[in-house]
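Trainee: Hey, I've never looked at this one before. Could you walk me through it?
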Amino acid sequence: MKIPLIANGGIPRRRPALFALAGVLATLLAALQLRADEPYARSRDYDLQHSRIALRFDLDQKKVIGDVTHTLTILTDGTPKIVFDSVGLTIETVTVNKSAAKFETKDDKLFITLPAAAHSGEKFDVAIRYEAKPSKGLYFILPDKDYPDRPKQVWTQGESEDTRYYLPTYDYPNDRLTTETILTVPASWITVANGKLISVSNAVKGMKTWTWRESLPSSTYLITVVAGEFDEVKDSWRGIPVNYYAPKGRGDRLSINYGRTPQMIDLFSRKLGVDYPWEKYAQSMVDDFVAGGMENSSATTNTSSSLRHPKLVPEFPTGEDDLISHELGHQWFGDLVTCKDWGDIWLNEGFATFMETIWSEAHYGKDQADYERWESARQWFGQSNLYSKPIVRHDFNDSGEFDGNAYTKGGWVLYMLRHQLGEDAFYRGLKHYLEVNRGKNVVTADLSKAIEEATHTNVDQFFSQWLYGAGAPKLDLSYKYDDAKHEVALTVKQTQKVEGRVGLFRIPTEVEITTASGPKLFPITVSKDSQVFTFPTDSTPLLILFDKGGHILKSAEFHKEKKEWLYQLKHATELADRADAVTALGKLKGEDDVVAALGDALRSDKAWGIRANAADALGQLGGSAASKQLLDALSSVAEPWVRSHVVSALGNFKDNPAIVAKLNSIVVEDGSYRARAAAVQALGRLKAPGALATLDAAVAADSPDGFLRNAALRSMGPLEDDKAVPLLLQWSAPGKPIDSRTAAISSLAHLQKDNKEITRQLASYLSEPHFPVRFASIFALGTRGDTSAIPALEALLKSGDLSIEIAPMIKRQIARLKKPAGGKGAATGEEGEEGQGAAEASAAGNDQGAVAKRLDKLEHLMQEMNDRLKSIETRLPPPK
Ligand SMILES: [Zn+2]
């Protein structure tokens, strides 16, 4: 599964103030967490071997009508009952080997009494007829009065434990079964399920019946059904169907976004030495999906927001490839070989994250992969709540198992393992792991064992510190050069607090020392809290790199002089080392040579990631020399993904009419939509005079998928110009695109806070079925501080039609309203933490620019959150 926001985080978090923001979002999303998942695999009484799943749908009632036959074998002598997971299902009849059977439902279970206590090896066919209006697991996306043109879609999402909401079954990963899925749907619909399409036949009253069969066993959370009004594009890899599906009307977006899939299948099959194992590969893009993507066996489901408008596609350097390669990687790691319990989920998610890098590296080159990896390390260190927790853990229910340890750190661990074992040995190990465990459920020890068997290298210590232990090394590095001895003495200190599961690390790595005569590489192993390593050199070092290329997940404070960082930025051959230099130089204010060097890197570094980071650093440094570098760069920097950084950085320079004029012209006439959107946001942040007219024009401007309009609506809040209110009210109204509505609502949170009419309108959105709108409105009402919203929020809370997930969030907003701002510690929810973020920013001595930047990032985070919330929409039952 790919989760777009916190866990997997495409969000750069490099500045301290942002960590608090991440916390805000984590809090918001924690409120949306579902009930706790079972940490350990169950003991089993039976082995579910095959399920024949026949489903029909009542669209008016949003009801699923099911007829399932499970074929299972008893594992435990004396088993009196079969127990299935079943939540909210109305069970009508149950037969065991075709005879009526007694059953009862209790809590989350369906108990079926066997004719007599069964013994091990006995086989049963258990048939269950049922119906349900699922609150999760299966979702209906249908047109309504405000959105009459929406293509109809019915889809499922099983992971982690939601299959039981639409299908009575054994719902934990440690059992595997084959399936036959029989779907009866309107004749004009398309369906997708696991495995091979066997037949499509006519049924009664304009309906058709689709039959799918999956002959390779996999776990129940990987069962999928997608049905509805879809466009289809067919492709193939070595004769295996590779098909893509988009909600009807968006079929023209499939090939341009998904067309590289066969190449990816080919690459992964070759690298892993195990061919793509399933009989087909389908990717269905659905609206309002509850995750970014889900790797159902042979049939991935992804969010339709991955269907980027063809005009925007060229503005994103790697398109949607992270998502596509992630879910494809799971077809081996997760589907063919599956974690036995959620405590070992990194065996799914860490591998899928690692496979993203493999594709990036092969297709987009080493710099791209290195940049993503470098960024992801900053991001992981930014989520401080992860540090003290090991990757493999069973006490995950405080924050959920799908966290940045399973994903980001898990991916890093595999990268480090590859680096230490070498490419050949590493892939030999993976091939063996996949072959030995094919069609099985695994724990982490199965991986270390397979690697040792295949390579004869014992990786126990590596696994111990990185997977069963917590944290990562934090290093303090300094050196002295002894001119008489021609010797460098490098002091390495591990400064992480050794406590709990965090220990000292053993780090085999390389130090490169460059002198006038060239670079020399020295292998070393760090293992103590403080160590001094000496290296012979022929003259004064120009550059010393610890862990050249950045192959270790670590944070490091290397005490170097400015001239060394300047040298490193210009001459280091590996991206990670130059990126570190940009970070260090970005903290040195008021130095002309630093600004000049960053300007140089912005214009001419060979890697776009370094150019983008250099732009960010110049924005952070401020001052007229930095702004000149950025303005000059506009005439040469063409790639939209760097240009948007340059424009965004310009939004840090207050009271500079030349910059405002430039930003205004970018909004209107730049060739890049991303740059134009960045300019819109920069103008809002700068509260530039006359900005409202520019933003108004941007709202009216034609752009793909309303890209500019949404950026402009979102910027009107930070602009704090009350004259924007009528337009925002108009765009927040039902019938407008959901993205535009949430953008407008988020801005209305900040304007004319005493205007009761705004409060009244926002309150009226609370009863809508569109979850992102509801969520944005709840949060906006809390932010506005207008106590007249309290009854509406309280009514919502009492309405009883809420899933428990949203209730805490509403309560926090009510608390905010009852204890208005000003009082310290008044609010314990989002606002409190947000305020803390601002306090941290100023305590750290950050200037206006940093605060502005923080606001910009907040906007960005809100936007991403909206994207994610949109996907959670249908988890909630519609209001009455
Ligand atoms: Zn995943």
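This is a predicted model: local features need pLDDT of at least 70, side-chain atom pairs count only at pLDDT 80 or more; totals for chains, interfaces and linings use all residues.

Trainee: Okay, what's the strand order in the open sheet of eight strands?
Mentor: The order runs E5-E4-E8-E2-E1-E11-E14-E13, and the pairing is mixed.

Trainee: Which strands stand at the edges there?
Mentor: Strand E5 (99-100) and strand E13 (196-202). Each has a single partner strand, so one side of each has no neighbour in the sheet.

Trainee: And how many bridges join E4 and E8?
Mentor: Seven, with strand E4 (residues 89-96) and strand E8 (residues 123-132) pairing in the antiparallel sense. As one example, Val-94 has Ile-128 in E8 as its bridge partner.

Trainee: Switching to helices: at what angle do H12 and H14 pack?
Mentor: About 5°, with the axes of H12 (residues 575-585) and H14 (residues 608-621) 9 Å apart. Angles under 35 degrees count as roughly parallel, so that's what H12 and H14 are to each other.

Trainee: Which residues make the contact?
Mentor: On H12, they include Leu-575, Arg-578 and Val-582, and on H14, Ile-610, Asn-613 and Leu-621 are among them. The contact residues divide into eight nonpolar, one polar and one charged.

Trainee: What about the three-strand sheet, what's its order?
Mentor: That open sheet goes E26-E25-E28, with antiparallel pairing. Its neighbouring strands are turned by 15° against each other on average, direction ignored.

Trainee: What's the bridge partner of Ile-513 in E28?
Mentor: Ile-544. Strand E25 (residues 507-515) and E28 pair over four bridges.

Terms used
Residues are numbered from 1 along each chain as its sequence is written. Side-chain values use heavy atoms; hydrogens and water are left out. Two strands pair if DSSP finds at least two bridges between them. Helices (H or I, at least four residues) and strands (E, at least two) are DSSP runs, numbered from the N terminus. Axes are lines fitted to C-alpha atoms, for helices over the stretch in contact, and angles run from 0 to 180 degrees between N-to-C directions. Angles under 35 degrees count as roughly parallel, over 145 as roughly antiparallel, 65 to 115 as roughly perpendicular and the rest as oblique. Contact means heavy atoms within 4.5 Å. Ala, Val, Leu, Ile, Met, Phe, Trp, Tyr, Cys and Pro count as nonpolar, Asp, Glu, Lys and Arg as charged, and the others, Gly among them, as polar.
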